[in-house]
Amino acid sequence: MKIKKTRTARRERNSPPQDVFSHLEVEIKKLDEDHWQDYRNLRLEALQGASVAFGSSYEEEMTLSEADWKKRIPNALFAFADGKPVGLIVFVFNRRAKTRHIVDIFSFYVKTAYRRKGIGQMLLETALAETKAQKHVIKIRLSVNPEQKDAVRLYSKFGFKTVGCLEKELLVDGRFYDELVMEKYL
Ligand SMILES: CC(C)(COP(=O)(O)OP(=O)(O)OC[C@H]1O[C@@H](n2cnc3c(N)ncnc32)[C@H](O)[C@@H]1OP(=O)(O)O)[C@@H](O)C(=O)NCCC(=O)NCCS
């Protein structure tokens with residue numbers, strides 16, 4: 001699957017629209033397996049910097065092999081800005097006969113310095129458009145720590161509804177966190 005989408009995001013919050021230097025070119029694209037290290041670096045940064053946002057851990061994914069990253073990369077969409085990957089979202093099509101109609105979203109992350117410029121929205125929009133293109137898919141599902149307020153707000157804005165709460169689902173540094181289960185029908 002080839003995806004490439006370029007758009008201009010605002011570089012600074014509240015910057016005047018007439019200021020051409022305030023704009024940031026953002027490209028949303030897939031990467032081929034030769035770029036597995038870009039994927040690894042960004043994902044490990046996410047797991048380290050926002051560990052309570054994800055079910056997986058830095059320590060676990062640190063040990064994944066080159067082959068593992070190459071196998072995973074076709075499911076990942078990247079946001080590029082300033083010549084580097086700054087954001088990531090993973091969407092996985094279920095293969096089993098009874099759940100082929102569901103897509104799962106994971107690993108949603110934008111580097112701290114690039115947040116609140118619309119990049120997360122671009123990633124989510126593109127992932128949704130790709131899943132919609134597969135006519136057999138009717139539902140997208142994800143889980144999110146309710147303390148990740150920007151993520152929850154963004155999912156809600158895109159029409160995801162909370163359908164449940166998994167209590168004490170994550171244990172990070174000795175503290176339990178709930179996970180909301182959110183779904184969106186296409
Ligand atoms: C969740 C996450 C990916 C969102 O990324 P992002 O690039 O900041 O998302 P966006 O910029 O599209 O939207 C975030 C907010 O910025 C606002 N925003 C977007 N462009 C803006 C602009 N030019 N000026 C001002 N605000 C802007 C959006 O409206 C949104 O705010 P709102 O929800 O109050 O409406 C990011 O916060 C992140 O990586 N969080 C840590 C990891 C995480 O929680 N992942 C979710 C796992 S389930």
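Reader: In what order do the elements of the chain run from the N terminus on?

Author: From the N terminus on, the order is β-β-α-α-α-β-β-β-α-β-α-β-β, where helices (H or I, at least four residues) and strands (E, at least two) are DSSP runs, numbered from the N terminus. In total, the secondary structure of the chain comes to five helices and eight strands. Please keep in mind that this is a predicted model, in which local features need pLDDT of at least 70 and side-chain atom pairs count only at pLDDT 80 or more, while totals for chains, interfaces and linings use all residues. Residues are numbered from 1 along each chain as its sequence is written.

Reader: What is the mean pLDDT of the chain, and where does pLDDT stay under 50?

Author: The mean pLDDT, which is the predictor's confidence in each residue, from 0 to 100, is 92 for the chain, and 89% of its residues reach 70 or more. Residues 15-21 are where pLDDT stays under 50, and for them the model has two contacts beyond four places in sequence; two residues are in contact if their C-beta atoms, placed from the backbone, lie within 7 Å. Where pLDDT is low, the predicted coordinates should not be read in detail.

Reader: What share of the chain counts as buried?

Author: Of the 186 residues, 26% count as buried, a residue being buried if 20 or more other C-beta atoms lie within 10 Å of its own, exposed if 12 or fewer, and partly exposed in between, with C-beta atoms placed from the backbone. As for contacts, of those in the chain with a separation of 6 or more, 59% are accounted for by residues 24 or more positions apart.

Reader: Now helix H1: which residues there are buried?

Author: In H1, the buried residues are Trp36, Tyr39, Leu42, Arg43, Ala46 and Leu47. They lie on the same side of H1, because they cover an arc of only 135° around the axis, the arc being that of the directions from the helix axis to the C-beta atoms.

Reader: And what covers them, and which exposed residues does the face turned away carry?

Author: The cover over the buried residues of H1 includes helix H2 (58-62), helix H3 (66-72), strand S3 (76-81), strand S4 (84-93) and S5. The face turned away from the buried side of H1 carries the exposed residues Gln37, Asn41 and Gly49.

Reader: How far apart are the end C-alpha atoms of H1?

Author: The end C-alpha atoms of H1 (residues 36-49) are 20 Å apart, which agrees with the 20 Å that its 14 residues should span at 1.5 Å a residue; the expected span is 1.5 Å times one less than the number of residues.

Reader: Switching to the strands, in which sense do S4 and S5 pair, and in which do S5 and S6?

Author: S4 and S5 pair in the antiparallel sense over six bridges, with Leu88 opposite Tyr109 in S5, whereas S5 and strand S6 (residues 139-144) pair in the parallel sense over three bridges. Two strands pair if DSSP finds at least two bridges between them. Ile102 stands opposite Lys139 in S6. The chain crosses from S5 through H4 to S6 in a right-handed β-α-β crossover, right-handed here saying that, with the strands pointing away from the viewer, the path from the first strand over the helix to the second runs clockwise.

Reader: Which residues of H4 are buried?

Author: Buried in H4 are Ile119, Gly120, Met122, Leu123, Leu124, Thr126, Ala127 and Thr131.

Reader: Back to the backbone, what is phi of Arg116, and what is phi of Lys168?

Author: Arg116 has a positive phi of about 60° although it is not a glycine, and its place is in the loop between strand S5 (102-110) and H4. Lys168, also a residue other than glycine, has a positive phi near 45° and lies in strand S7 (residues 161-172).
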